[in-house]
Amino acid sequence: MCVRISAMKLYAVLFTLCILLKYTDSRYVDWFPQNLVDKFTNKTSQITNYVREKGRSLKQFYVENVRKRITSYLNINQTEDVTDKPTRMRRKFHGYLEDARANDKKVFDVIAPERIEYNCNDNDPGIHMTTPQLIAQHGYSSESHTVVTSDGYILTIHRIPYSKNSTKTSPRKTVLLHHGLLGSSADWIIPGPDKALPYILSEAGYDVWLANVRGNTYSKAHISLNTDTFEFWNFTFHEVSQHDLPAVIDYIMDLKGWDTKINYIGHSMGTTVLFALLSTKTHYNKVLRAGFALAPVAYMTDIKSPIHLLAKYSDNIEYLFKLLGANEFLPPNAVLRWLSKHACEISKLEEAICENSMFVICGHDEGQFNKSLLPLILSHDPAGASTKTLVHYAQEIRTAGRFQQFDYGPDGNLKQYGSPSPPEYPIHKITLPIALISSQNDWLASDVDVTNLYVQLVNPIEHYIVPLEEFNHIDFLWAIDARKLVYNKLLELLEDGVSNSSPYVMQQLLDK
């Protein structure tokens, strides 16, 4: 220890001597060998220049190369910031919430600019097209149909009735595709012919229908409510499952005949509304032929998405509505810039990707992402959603393990449901054959939660896990290898329809 202290004293003396040589008149230091002074000064200059060339300050250089070595040598324990990234994000988010509450503002007024301009290539005319126009541009027949729900929302759904070179005479199997949160029918067709699922299904002999949920780009209308009112946006995925989805299914059946069997393919929230529908309006288990859930979302106990940051506050609905806005969540010109900075470690070239709310919430797989699609994606997404839907999902996360209806609090639940807690969706009442298709890198549909869902299904077809570890939530729509990794398997499952090993099917056979 004495040796260490002596060494430290020597360093201190040398440092003091250098200062004196630097600022003392030269005539008082003639006794010191000038060649040593020059040599030491030159060496110091070289070190300083080297540090500057490397873009680091002298202070940083000292911390990294001197202080750490000294403290290590002297066995001095220092408290270092070892806080993990999620914890830092939560602290940052909490700071934004406190700032918003203190200044009586919405949280996005505090953390996001009014508008973000994307420097994307605008030469593609598709960025200005609607879903039917994109379909027509790709050489397919397209139709738009208007559906009115039982509670007055006016939905526009789209259809590809025939394949590209069809004679329009042969009967075709029916499939209904339902988009996810913040999405629209456009999501399915953005990759174009030979790559987008609707075109692949059309060429395989299917009459393809594309749903649009209330409040998005194509379904922003009501027979009596204005779109800028709370009443219009007072819905979650539950109302979609009880009104929108039944209206769309009934419309297709009315048009094609009630002997038609509809295959249902949902992505993300499109799977949530299917599970909610089949478990509450159980007769639809017999109306549909089979369900195919891509990135299925029901139970939410293991979530990587930054949406879990909202879960802590989901029991205070009024507070969240005040912070997020009580009506539409993230209209197209508003984004979560703060989340993009903290949740996405990306290059400047890809900054626009993680400034888009869909990527922020769902994740981004750089290896499978076709960057040439970015202008189209940014022009169509996000397509709109209610804040209440986001709050509902946040509640699912907070109540870990419960797939339930919206929680209004004890008093509100008593008024709404007649009990202090919201009712769970009875998964055991779902008898429709259902296949689950998930991935390991999904921020919203983890292996744990999807497996939990699968084991509770009465009539499962299969649980297929995409054989690519990096595959994520959005990749089911836009991945470069989506056809090879997902759609080919999906076509096989569609052709089979049900599993011969299904317990439900086996029981039916035994009953006969």
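# Close-up views of the predicted model

**View 1. S268 is buried, with a relative accessible area of 6%.** Buried stands for under 20% relative accessible area, exposed for over 50% and partly exposed for values in between, computed with a 1.4 Å probe on protein chains only. The model is predicted, so local features need a pLDDT of at least 70 and side-chain atom pairs count only at pLDDT 80 or more, whereas totals for chains, interfaces and linings use all residues. Residues are numbered from 1 along each chain as its sequence is written, and side-chain values use heavy atoms, with hydrogens and water left out. Helices (H or I, at least four residues) and strands (E, at least two) are DSSP runs numbered from the N terminus. S268 belongs to the loop between β5 (262-267) and α11 (269-280). Although S268 is not a glycine, its phi is positive, about 55°. Leaving aside residues up to four places away in sequence, S268 touches G180, L181, L294, A295, V297 and H473; contact here means heavy atoms within 4.5 Å.

**View 2. A295 counts as buried, at 0% relative accessibility.** This residue is placed in the loop between β6 (288-294) and α13 (308-311). Residues up to four places away in sequence being set aside, A295 touches H267, S268, T271, I437, D442, A445, H473 and F476. The C-alpha atoms of A295 and G266 are separated by 8.5 Å, and the two residues are 29 residues apart along the chain.

**View 3. D194 has a positive phi, near 70°, in a residue other than glycine.** The loop between α7 (186-189) and α8 (197-203) holds D194. Is D194 buried or exposed? With a relative accessible area of 56%, D194 is exposed.

**View 4. The aromatic rings of F237 and Y393 form a pair.** Rings of Phe, Tyr and Trp (its six-membered ring) pair if their centres lie within 6.5 Å; planes under 30 degrees apart count as stacked, over 60 as edge-to-face and the rest as tilted. The structure holds 12 aromatic pairs. In the pair of F237 and Y393, the ring centres are 4.9 Å apart and the planes stand at 45°, so the pair is tilted. Distant parts of the chain are linked by this pair: F237 is in helix α10 (residues 237-256) and Y393 in helix α19 (residues 387-398), 156 residues apart. F237 and Y393 are both buried.

**View 5. One aromatic cluster is formed by Y153, F232, W233 and F235.** R214 lies over the face of Y153, at 3.8 Å from the ring centre. A charge sits over a ring if NZ of Lys or CZ of Arg is within 6 Å of the ring centre and within 35 degrees of the ring normal. In another such arrangement, K388 lies over the face of F406, at 4.9 Å from the ring centre.

**View 6. A salt bridge connects R159 and D207, with the closest N and O atoms 2.8 Å apart.** R159 lies in strand β2 (residues 154-160) and D207 in strand β4 (residues 206-210), so the pair ties together parts that are 48 residues apart in sequence. Both R159 and D207 are buried. A salt bridge is defined as a side-chain nitrogen of Lys or Arg within 4 Å of a carboxyl oxygen of Asp or Glu. By this rule, the count comes to 10 salt bridges.

**View 7. E424 and R402 meet through their side chains in a salt bridge (3.0 Å, N to O).** The pair links distant parts of the chain, with E424 in the loop between α20 (409-417) and β7 (434-438) and R402 in the loop between α19 and α20, 22 residues apart. E424 is partly exposed, with a relative accessible area of 40%, and R402 is also partly exposed, with 27%.

**View 8. K489 and E462 meet through their side chains in a salt bridge (3.2 Å, N to O).** K489 is in helix α23 (residues 482-496) and E462 in strand β8 (residues 460-465), so the pair ties together parts that are 27 residues apart in sequence. E462 counts as partly exposed, at 26% relative accessibility. Elsewhere, salt bridges that share partners join E143, R159, D207 and K256 into one network.

**View 9. Strands β7 and β8 run parallel and are joined by five bridges.** Two strands pair if DSSP finds at least two bridges between them. Opposite I465 in β8 stands S438. Together, β7, helix α21 (residues 447-456) and β8 make a right-handed β-α-β unit. A crossover is right-handed if, with the strands pointing away from the viewer, the path from the first strand over the helix to the second runs clockwise.
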